[in-house]
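Dear colleague,

I am passing on the structure we spoke of, and I would be glad if you could look it over.

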Number of protein chains: 2
Amino acid sequence: MKPRLFTPGPTPVPEETLLELAKPVTYHRAAEAKAILAEVSEDLKYVFQTAQPVYTLTCSGTGGMEATVCNALAPGEKAILCTAGRWGERWRGILKAFGAQIVTVEAPYGKAVTPDVLHAALAAHPDTAAVFATLSETSTGVGHDLEAFGKIVANTPALLAVDGISGLGAMECRTDAWGLDLVVTGSQKALMMPPGLAFVSASAKAWAKIDATPIRSFYFDLRRYRKSLLESDTPFTPANTLIKAQRASLKRVRAEGIENLWARHARVARACRAGVGAMGLTVFAERPNSALTVITVPAGVDGSATLKALEKKYGYKLADGQDTLKGHIWRLSHMGYTDAFDVLGALAALELVLIESGFKLDAGAGVAAFQKAYAAGA
Amino acid sequence: MKPRLFTPGPTPVPEETLLELAKPVTYHRAAEAKAILAEVSEDLKYVFQTAQPVYTLTCSGTGGMEATVCNALAPGEKAILCTAGRWGERWRGILKAFGAQIVTVEAPYGKAVTPDVLHAALAAHPDTAAVFATLSETSTGVGHDLEAFGKIVANTPALLAVDGISGLGAMECRTDAWGLDLVVTGSQKALMMPPGLAFVSASAKAWAKIDATPIRSFYFDLRRYRKSLLESDTPFTPANTLIKAQRASLKRVRAEGIENLWARHARVARACRAGVGAMGLTVFAERPNSALTVITVPAGVDGSATLKALEKKYGYKLADGQDTLKGHIWRLSHMGYTDAFDVLGALAALELVLIESGFKLDAGAGVAAFQKAYAAGA
């Protein structure tokens, strides 16, 4: 059986990137290592759509999120938390650990935080130091309208910090044009790499705040990263084999073109939703994003057992819901090195396993609808 | 030309470990991933010589050091810093970032902090919350007598936190028997892996202090790692391909046996020092450790130019001194997947390049002395 990874992180890694990882290790302070970091940093600016430097941290995405909080917020400062799921709650955990005064703007699971409630919250709390939001809420499949958030926050002294971990690269995100002050992503999603690296951008507005805020970490001190990157270096020993491999995956992103990458994800996502609908299933997210499709488990079906059968019988690894959503949703990633034909196969396998479990479904309905919608184009 | 890595981190990685890194990425919350982490955690306990759990963090060694400080020290608490070089100073940077009251116990570069000065400092500062020390001070090649430090600190309420990043595995270090409360190491030294993972152990005494101390991080909150590890899991997405590859390198450590690994490093280090002496050179460290040999650049020789020639002509990559020691010392690692014959070759290349630069030296003197000392055995 052929194993196939459809979890919303980690995602499949291209062969040329995997082969980079098998090469002998080299010294991380050598000229070659600096040239690689310089190249990766340039390509990251392109991926982020920013003219500001993007910093490479050796940690998971959560570490990158922590870096934004501990650099930009002083203890007791006010933070507006936009949360619509588990990853919004991740911001909360970090904000609490760093003693922020949290104002919550919440949407129920499956829905998105709307720009107008953010606008109202900012109006009610003009002393807000920063707004924390999530591009792709991977726990529910919801995407947020960061362009609108950016316009609202830009008119205030507050910063807009964005968890773009699972969204960046998979959906339109224009850091500079949208006024996103702090953006975090990880290597293991649309950037087609194993986990282990986080990337963080900071706007001039963010830097002004950071430079005026006492730092509360050594390892995550972005000023050290800023200083080192001037010499194409990192302040601490980086996961240099991951950085070298990231270069290979970023070349693939460059070759495809970031707008094409967004369009490909959007097209696959639309086709996937059409397929899901034709199977008699519903999409969980009210405002779905292009990184993944989250499917509501239909009544009478054991969601977790279905995923186990899917993996055991056909090798397809999708993700279950988390926390209270466990057993109630299926999460199917189409990020990064996953194309339309991969997703078509996943829908076929899901059809099969549902039919085998007694769920009423016309074999082929889902894949035909997927194909039809995909053929209709961008 | 064949490139050969002799920097004191990163170090060469065994082929079977590199090949693990080229395998397709899998889901980090799957049963297989948990089984791998469980296995790695058990093998780390063996490497650390501890019965306590060892936690796997996705970060560089500095991140692991920060984890000990932000978990175990409250702001303003007193810390005795034993420093004899750049890596002792790394502790200082972290301690300052977390607002510790620092009492410095210092030895000049090339010398070790002695147990008696630590004893005196602890007697003068009975309110010390923790002592911070370095097993192998890689910037100078000095090793510290952690066994003696442990005996002294054990009689006080203070914790003993050890940076074992470049020493652990390369030299005797018995976490439990020596009373080392917090020990940190990294993947990229004697543990034969690329950088990207840090490992942290904590004694019962350390846990009592951690549980009584308000945490000042989310990502480095060791209580989260403790809770997750009960289910063979990590609190945040780990660099799971690195963990899987670390398993392969740890199997190699297990197969060799930790005492044999220490003895091999000690034997190679003694032979290397004999070779260096026979070349008319001197070892920089007064109390050298087995992880690396640090050689004083002789008068009239351009240290940095010699290293450049060594790499360019013969492919041998040694490390220069750092900061004020740049150009004044050569650092030659014999950690991990580096054996006697590798080091013999490095000495031969160093002899050659020195002779070619006009340095007076009998060709073969160094390698013969190395071989003689090595043959004399453990």
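Below I go through the relation of the chains, then their contact, and then the single chain.

Please keep in mind that this is a predicted model, and that the values here are computed from it. Chain B is superposed on chain A by a rotation of 180 degrees with 0.0 Å of shift along the axis, at an RMSD of 0.0 Å. The two copies are thus related as by a two-fold rotation axis.

As for the contact, 41 residues of chain A and 41 residues of chain B take part in it. On the side of chain B that touches chain A, the elements that give two or more residues are α1 (15–21), α3 (61–72), α4 (86–97) and α9 (240–256) of chain B, and among these α3(B) gives the most, with 4 residues. Sorted by class, that side of chain B has 22 nonpolar, 16 polar and 3 charged residues. Of the interface residues of chain B, 100% are also interface residues in chain A, so the copies meet through the same surface.

Turning to chain A by itself, there are 13 helices and 15 strands. Its radius of gyration is 21 Å, close to the 21 Å that the globule rule gives for 378 residues, so chain A is as compact as a globular protein of that length. The C-alpha trace of chain A spans about 60 × 55 × 35 Å along its principal axes, and buried residues make up 56% of the 378 residues in the chain. Among the contacts in chain A with a separation of 6 or more, 72% are between residues 24 or more positions apart.

With best regards

Conventions. Residues are numbered from 1 along each chain as its sequence is written. Chains are lettered from A and ligands numbered from 1 in the order in which they are written. This is a predicted model: local features need pLDDT of at least 70, side-chain atom pairs count only at pLDDT 80 or more; totals for chains, interfaces and linings use all residues. Copies are superposed by least squares on the C-alpha atoms of residues with pLDDT of at least 70 in both. Two residues are in contact if their C-beta atoms, placed from the backbone, lie within 7 Å. Ala, Val, Leu, Ile, Met, Phe, Trp, Tyr, Cys and Pro count as nonpolar, Asp, Glu, Lys and Arg as charged, and the others, Gly among them, as polar. The radius of gyration is taken over C-alpha atoms; the globule rule is 2.2 Å times the number of residues to the power 0.38. A residue is buried if 20 or more other C-beta atoms lie within 10 Å of its own, exposed if 12 or fewer, and partly exposed in between; C-beta atoms are placed from the backbone.
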